[in-house]
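Below are some notes for a colleague who has the model open, arranged as numbered points. Please read them alongside the coordinates.

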Amino acid sequence: MISITNRSVLGRLFKLNSAILPQFNPSKTMASQSDKRFKVLVTSPEVPKAAIDLLKKSCDVTICETLPPERSEMLKKVPGVDGVLWGTYDKLNDEVLDTAGETLKVISTMSSGIDYVDQPALKRRKVQLGHTPVVVNEPVAELTIALMVAAARRFHEGRLHIENETWITWSHKWMLGYDIKGSTVGIVGFGGIGQSIAQRLQGYEIKELLYTGRNEKPEAKKYNAKYVSFDELLKTSDFVIAACPLTPETKEMFNEAAFNKMKPTSIFVNVARGQIADQKALYNALKNHTIFAAGLDVMTPEPLPKDDPLMTLPNCVIIPHLGTATEKATENMALVAAHNVLRGLAGEPMISPAYQL
Ligand SMILES: O=C(O)C(=O)CO
């Protein structure tokens, strides 16, 4: 068993997240000590120092140095390691696992979404996988509210009017948008992020909160949120927010038929994954005013080429996947990932395992 002795980092993480990481128990981990120092690879030099320092207390840590991270460097450094803090969105697949060899027992990503991980390949080799949900909820939820406002109040179109010198000051009908207050908001995927969005909407005096997903959630009561079918949510909502994981079931669930069911005044916000939407169908829906506007933090591909058709639309607010891009969220994700790795190596439950072996 390994020891985790960096009390200040542990304390800081515990204090920061005691409310959202109830299962975190530093004393339990610190009680399990041994002399074995595991080898851990960190795949990006940009993983925050607090997490690296934490790993270094009890492990021999190798860090990939190249920026942008080069897969070849990671593949050169991964053979023989016991654990990996996967600090990029690079494909985590058979190639990595075969190159690492049989010593590799534990990996944690530094993201909530793990659609770039070949989970069956890890499970076949009995490699534990951790990820970092929970700490992403609040920053992504804040950004969602921002995108709702930005799309409903036509931020991008307004900016274009300034650039094109077509700003009109004499009309009361110019650039009118929609309010969140009094609106019906529908959230697709009522997990941690969906619920954090619901929490933030409590102050906006909305008319009704709807959600859909695989199952009805007991937590929905707290937010006065009503479980409805996907179809009903599309037909009724003024704001339709995608906050679900990308799975074979959710891939392109926002297709032409789905956009056709939405109101012409409705606003689509995607903070999940680009592939949740059929992007051509989304383009057509925006271009033809089948829906009013969209706010996108995610799209396909990323980075989106600047000549992508979506970029020509005044009613589409596009930002470059900034969901968790805050100082605090990044450090929190790194710390949770480091704890996942340390706990996995120590034979203790990870803070956030992606699955049970
Ligand atoms: O953590 C993730 O999966 C993200 O995509 C953050 O935006």
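1. Thr184 has Glu208 of β7 as its bridge partner, within the parallel pairing of β6 (residues 184-188) and β7 (residues 208-212), which extends over five bridges; strands are DSSP E runs of at least two residues and helices H or I runs of at least four, numbered from the N terminus, and two strands pair if DSSP finds at least two bridges between them.

2. This is a predicted model, in which local features need pLDDT of at least 70 and side-chain atom pairs count only at pLDDT 80 or more, while totals for chains, interfaces and linings use all residues. Residues are numbered from 1 along each chain as its sequence is written, and side-chain values use heavy atoms, with hydrogens and water left out.

3. The open sheet has seven strands, paired in parallel in the order β8-β7-β6-β9-β10-β11-β12. Its edge strands, β8 (225-227) and β12 (316-318), each pair on one side only.

4. Leu296, which lies in strand β11 (residues 293-296), counts as buried because its relative accessibility is 1% (buried is under 20% relative accessible area, exposed over 50%, partly exposed in between, with a 1.4 Å probe and protein chains only). Not counting residues up to four places away in sequence, Leu296 touches several residues, including Leu147, Phe268 and Ile318, contact meaning heavy atoms within 4.5 Å.

5. Helix α13 (residues 327-345) has 15 of its 19 residues buried, so the helix is largely enclosed by the rest of the structure. After α13 comes Gly347, with a positive phi near 75°.
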